[in-house]
Amino acid sequence: MTLKQLSVFLENKTGRINEVVRTLGQNGINMHAFSMAETADFGILRLIVSDVERAVEVLRARDFAVMSTDVLCLSCDNTPGSLATILEYLAEEKIFIEYMYAFAQADSAHVVIKPNDLPRCLDILQQKKCTLLTKDTL
């Protein structure tokens, strides 16, 4: 029920994000979701892609620093308060969310989360009958 997320470390320089995106596209790798975070010197591009192993291979071949991390992706109604309810389940159990990002598709919102305790978080979400997405259902 977990997904592999790629984190690509980029120096803050014009065109670096495009180099990653172009490299993935040229190799037939689709991006399902992404998020960009930055500091003064570098950025972290987090990606959910169609072929993790191939993406790591082609990005490293282009000298990008790439790391793979397990994350969860849940789906909830794309309505006010839906995500708040789910996050409350986790807060009640003292699950800390290190980061998250989301994207909506029509009536559904999909939320990628990196909790501090992934197995426990997964267990709580399953107990609460939350919809978790896999690589095949994303």
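1. The term covers a pair of cysteine sulfur atoms within 2.5 Å. Cys73 is in no disulfide, and its nearest cysteine sulfur, that of Cys76, lies 9.8 Å away. Cys73 is also buried, at 0% relative accessibility. Buried means under 20% relative accessible area, exposed over 50%, and partly exposed in between, with a 1.4 Å probe and protein chains only.

2. Cys121 has the sulfur of Cys130 as its closest cysteine sulfur, 9.0 Å away, too far for a bond. Cys121 is buried too, with a relative accessible area of 0%.

3. A word on the source. This is a predicted model: local features need pLDDT of at least 70, side-chain atom pairs count only at pLDDT 80 or more, and totals for chains, interfaces and linings use all residues. Residues are numbered from 1 along each chain as its sequence is written, and side-chain values use heavy atoms, leaving out hydrogens and water.

4. Now the fold. The chain has 4 helices and 7 strands. These are DSSP runs, numbered from the N terminus: helices are H or I with at least four residues, strands E with at least two. From the N terminus, the order is β-α-β-β-α-β-α-β-β-α-β.

5. How much of the chain is buried? Of its 138 residues, 41% count as buried. The C-alpha trace spans about 45 × 30 × 25 Å along its principal axes.
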